Amino acid sequence: MEALEFFRLMVLAGFKPDGVTVASVLPACSHLEMLDTGKEIHAYALRTNELIENSYVGSALVDMYCNCRQVSSGRRVFNAFLERKIALWNAMITGYAQNEYDKEALNLFLEMYAASGLSPNSTTMSSIVPASVRCEAFSDKQSIHGYVIKRGLEKNRYVQNALMDMYSRMGKTQISETIFNSMEVRDIVSWNTMITGYVICGRHGDALNLIYDMQRVKEKTNMNDNAYDDEGRVPLKPNSITFMTILPGCAALAALAKGKEIHSYAIKHLLAFDVAVGSALVDMYSKCGCIDLARAVFNQIPIKNVITWNVLIMAYGMHGRGEEALELFKNMVDDGSRNKEVRPNEVTFIALFAACSHSGMVDEGLDLFHKMKSDHGVEPATDHYACVVDLLGRAGSVEEAYQLVNTMPSELDKAGAWSSLLGACRIHQNVEIGEIAANQLLELEPSVASHYVLLSNIYSSSGLWDKAMDVRRRMKEMGVKKEPGCSWIEFGDEVHKFLAGDLSHPQSEQLHEFLETLSEKMKREGYVPDTSCVLHNVDEEEKETLLCGHSEKLALAFGILNTRPGTTIRVAKNLRVCNDCHMASKYISKILDREIILRDVRRFHHFKNGTCSCGDYW
DNA sequence: GTAGGGTTAG
């Protein structure tokens with residue numbers, strides 16, 4: 001800021017800023033995204049031949065325009081230069097790449113090479129590598145590594161970081177590791193890139209280990225000081241990017257113990273109260289089944305934004321606590337009247353409708369839907385319709401839900417709404433409307449497995465076996481495959497995964513035996529296996545066996561067998577929980593006196609003493 | 001010049 005003020009004073013006082021002055025004040029405009037001031041300086045430079053022919057001024061102008069997202073203005077400045085130095089080429093290439101004009105960046109790179117005879121340097125390559133990664137038209141990505149070596153740029157930290165990222169995104173984490181391990185100097189970006197690489201390929205344990213290592217290296221470098229960032233400081237403290245990379249991984253895995261460790265690091269590094277990290281923590285706790293911890297973290301974040309609130313509203317909704325979600329929304333609106341950072345947005349309403357839907361609060365949800373535009377300025381979009389159709393349909397008003405789909409504005413995509421409607425028809429066994437919805441969906445999204453599965457289930461639960469088989473056949477013909485059911489549970493340092501009917505787990509035999517004995521005990525208490533979700537053309541006894549192989553039951557059995565009596569069991573699943581597993585979990589919670597927290601793909605089920613927090617409404 | 005951006009129904 002001061003630099004800019006100084007510049008103005010200088011001009012006002014009659015001094016003529018030279019190229020050096022202008023080229024050093026422009027980066028300030030660029031950094032602060034002060035486009036108008038930047039334009040003012042550009043206009044000033046245009047009045048002086050000496051200035052506008054200065055290549056450094058040109059590069060700074062290109063950079064300023066591109067940083068203010070005025071890429072075409074940047075290109076005009078670039079074009080005006082006939083004699084182009086490498087800094088000018090780099091400014092334009094980087095400008096393109098940072099605005100994701102990847103093809104343009106690559107074309108300019110080729111042009112630079114062909115037309116000017118200039119050799120790309122490390123700056124050029126650290127923009128070209130990410131641009132080529134994103135650019136689909138550029139297929140032989142790995143060849144760029146060879147090119148980097150040919151140019152002797154493979155020892156540059158920025159280029160190495162960019163290459164590591166490239167390999168991670170190509171699924172070749174091992175090569176990223178090789179580069180990372182070979183680096184003489186690593187900075188925070190190197191570490192974060194490697195951590196991200198591990199998260200991308202699902203190696204969460206390795207990602208976490210790297211955060212440990214990071215802190216050890218920090219101690220080492222404090223002594224010999226061979227790693228530094230741009231300002232020459234020792235940089236190897238995790239930053240907010242580190243935490244935001246790893247926390248969603250913990251959330252997805254429902255890895256509570258790991259999440260808590262990360263939380264303690266975040267506290268240690270004074271980042272737990274950062275709004276972005278804090279929001280990610282709230283989400284992590286919520287998705288690990290700890291709604292009260294999520295609330296506690298939320299309460300401690302001093303400055304919240306709309307995402308922080310949305311995360312918590314969503315969390316209460318997922319846990320079936322709709323009343324509290326609405327209460328939070330009131331607080332949010334209240335807070336938003338003073339702070340425009342927390343005004344409800346389109347995601348807020350999705351979270352609210354989901355919360356109402358999970359808690360059967362139809363009237364409250366509809367009321368919000370009718371007021372969202374008038375009271376909060378949020379236009380109902382296609383996703384909102386899909387949620388409200390779900391809200392109505394799930395509660396049994398299938399006809400009304402159908403009417404809502406029909407009254408949707410024509411410009412909106414209806415696939416989501418049809419899909420909600422189809423789901424409702426499955427729950428309430430409405431063949432007629434289900435067929436209508438399915439016909440639309442099989443037209444719009446012929447390769448989505450769930451549409452076929454839902455329709456087939458609607459038919460078979462109404463005894464229309466032939467039609468059900470027909471849909472299955474059609475699905476097979478289309479080559480559409482259903483995502484296999486998968487459940488997982490954190491145990492010790494690892495997350496154990498189970499697929500439906502999985503026999504690969506080392507304790508597999510023991511788990512199946514245990515489930516069979518348990519099943520007998522449950523039957524004595526009144527449990528009747530619900531075989532309706534097993535569609536195979538097999539007899540009842542075989543259906544029961546198939547049910548025992550459901551992934552959530554296997555994960556649950558694993559948890560019970562490997563933890564002390566009374567320990568709460570937390571299981572997560574990639575699909576919705578099936579009727580029978582839901583029922584069985586209720587019995588198990590009672591017979592074995594265990595709290596079971598089961599997260600399905602949409603919401604939580606807290607089983608305790610024979611009942612579920614969802615009230616059997618899901 | 002290189003790393004991420006957290007929340008989203010079915």
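View 1. The model is predicted, with local features requiring pLDDT of at least 70 and side-chain atom pairs pLDDT 80 or more, while totals for chains, interfaces and linings use all residues. Residues are numbered from 1 along each chain as its sequence is written, chains are lettered from A in the order in which they are written, and side-chain values use heavy atoms, without hydrogens or water. A pocket is an open set of points on a 1 Å grid over the protein atoms alone where a 1.4 Å probe fits, with protein on both sides within 12 Å along at least five of seven lines; lining residues have an atom within 4 Å of a point.

**View 2. The lining of the second largest pocket comprises 15 residues.** Nearest its centre lie Ser 126, Pro 130, Arg 134, Ala 162 and Asp 165. Helices H7 (86-98), H9 (122-134), H11 (157-169) and H13 (188-200) each give two or more residues to this lining.

View 3. Helix H17 (residues 275-287) gives the largest share, six residues.

**View 4. Side chains of the protein form polar contacts (N or O atoms within 3.5 Å) with DNA strand B.** An N or O atom in the side chain of Arg 602 is 2.5 Å from a base nitrogen, and a polar side-chain atom of Asn 192 lies 3.1 Å from a base nitrogen. The side chain of Gln 98 places an N or O atom 3.3 Å from a phosphate oxygen.

Methods:
A polar contact is a pair of N or O atoms within 3.5 Å; within protein, one must be able to donate a hydrogen and the other to accept it, and residues adjacent in sequence count only if both atoms are side-chain atoms. Helices (H or I, at least four residues) and strands (E, at least two) are DSSP runs, numbered from the N terminus.
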